[in-house]
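Student: I would like a close look at one part of this model. Please take it step by step.

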Amino acid sequence: FIDLPALSISQPQKDPYFAYAGRLSPEKGVDTLVKATTGLDNIKLLIAGEGPAKQDLETLAYNNKQVEFLGRLGANEIQTLLKNCLFGVLPSQWYENSPFSILEAFALGKPVVAAIHGTAIGGGCELALGCHYRIGDASARFGQPEIKLGLLPGAGGTQRLPRLIGIGPALEIILSGAYLDAEQGKALGFFDEIVDGDLTQEAL
């Protein structure tokens, strides 16, 4: 984890790159990230980590000179990687609520963008609320259904949602458990953009 007392924020180096650091397994969605770099000529993707999907990912990126695999890095090396990148990317296709990588990105002063395809409810909504920007496609929707279980949203949901869209709309969402679609979310200010093309590409 990030040692906050020892932390110093650095500016990206002259050769710009964005980074992924984590396990290389199918549910992490790194293949989507590699595909999204196609056509990016002025910025590299650096991938740190090992896992069962590494060989398939290397094959996928074989002709893509913008992708570089760094293998397993130590804690200090990962911190340096993230400090010097333009931004970090977490393309996970799994249900991960507030992964430490996002918290570390915040600590390092890096922008965090939530690219939302499908439903972001409960913890997924709270994770998206913690990001700097949220973009979605036409299928995107969000909500806080915890009230239907007799609970209130956790992980900052009751704090960040009112700050983002206003107290009135936030209370209605929290107390009703209703889901809102992409256009409703854009109108309220939950989504910064709704895109028609490749969601990951647009997020980058």
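This is a predicted model: local features need pLDDT of at least 70, side-chain atom pairs count only at pLDDT 80 or more; totals for chains, interfaces and linings use all residues.

Tutor: Residues are numbered from 1 along each chain as its sequence is written, and side-chain values use heavy atoms, with hydrogens and water left out.

Buried means under 20% relative accessible area, exposed means over 50%, and partly exposed lies in between (1.4 Å probe, protein chains only). The accessible surface of the chain comes to about 11,300 Å². Carbon and sulfur atoms hold 53% of that surface. Accessible areas come from the Shrake-Rupley method with a 1.4 Å probe; for residues, only the protein chains shown count as cover.

The chain has nine helices and nine strands. Helices (H or I, at least four residues) and strands (E, at least two) are DSSP runs, numbered from the N terminus.

Now to H7. Its buried residues are Ala170, Ile173 and Ile174. They cover an arc of only 95° around the axis, which puts them on the same side of H7. The arc is that of the directions from the helix axis to the C-beta atoms.

What do they pack against? The partners are strand E7 (141-143), helix H6 (157-165), strand E8 (179-181) and helix H8 (182-188). Packing here rests on contact, meaning heavy atoms within 4.5 Å.

Turn to the face of H7 away from the buried side. There you find the exposed residues Glu172 and Leu175. Ile167 also lies in H7. This residue counts as exposed because its relative accessibility is 58%.

Together with Leu152 and Leu171, they make a nonpolar surface patch of about 430 Å². Patches are made of residues with over 30% relative accessible area and no salt bridge; like charges are joined within 9 Å, and nonpolar side chains (Val, Leu, Ile, Met, Phe, Trp, Tyr) within 5 Å.

Look at what follows the helix. Gly177 comes after H7, and its phi is positive, near 75°. There is another glycine to check just after H6: Gly166 takes a positive phi of about 105°.

H6 deserves a look as a partner of H7. Its buried residues are Gly157, Leu161, Pro162 and Ile165. Seen down the axis of H6, they fall within an arc of 110°, so they line one face of the helix. They pack against helix H5 (123-129), E7, H7 and H8. H7 packs against H6 with its buried residues as well.

Now step back to the rest of the chain. Take the contacts with a separation of 6 or more: 66% of them join residues 24 or more positions apart.

Val67 gives an example. Its place is in strand E3 (residues 67-71). At 11% relative accessibility, Val67 counts as buried. Leave aside its neighbours within four places in sequence, and Val67 is in contact with Val34, Thr37, Leu45, Ile47 and Ala61.

Next come the charged pairs. Side chains of opposite charge can pair when their charged atoms come close. A search of the whole structure finds two salt bridges. A salt bridge is a side-chain nitrogen of Lys or Arg within 4 Å of a carboxyl oxygen of Asp or Glu.

One joins Glu68 and Lys44 (3.7 Å, N to O). Glu68 lies in strand E3 and Lys44 in strand E2 (residues 44-48), so the pair ties together parts that are 24 residues apart in sequence. Glu68 is partly exposed at 33%, and Lys44 is partly exposed at 34%. The other joins Lys54 and Glu50 (3.1 Å, N to O). Lys54 is buried, with a relative accessible area of 18%, whereas Glu50 is partly exposed at 31%.

Last, a sheet. Three strands form an open sheet in the order E4-E6-E9, with parallel pairing. Strand E4 (113-116) and strand E9 (193-194) stand at the edges with a single partner strand each, so one side of each is left without a neighbour in the sheet. Two strands pair if DSSP finds at least two bridges between them. Two bridges join strand E6 (residues 133-136) to E9. In E9, Glu193 is the bridge partner of Ile135.
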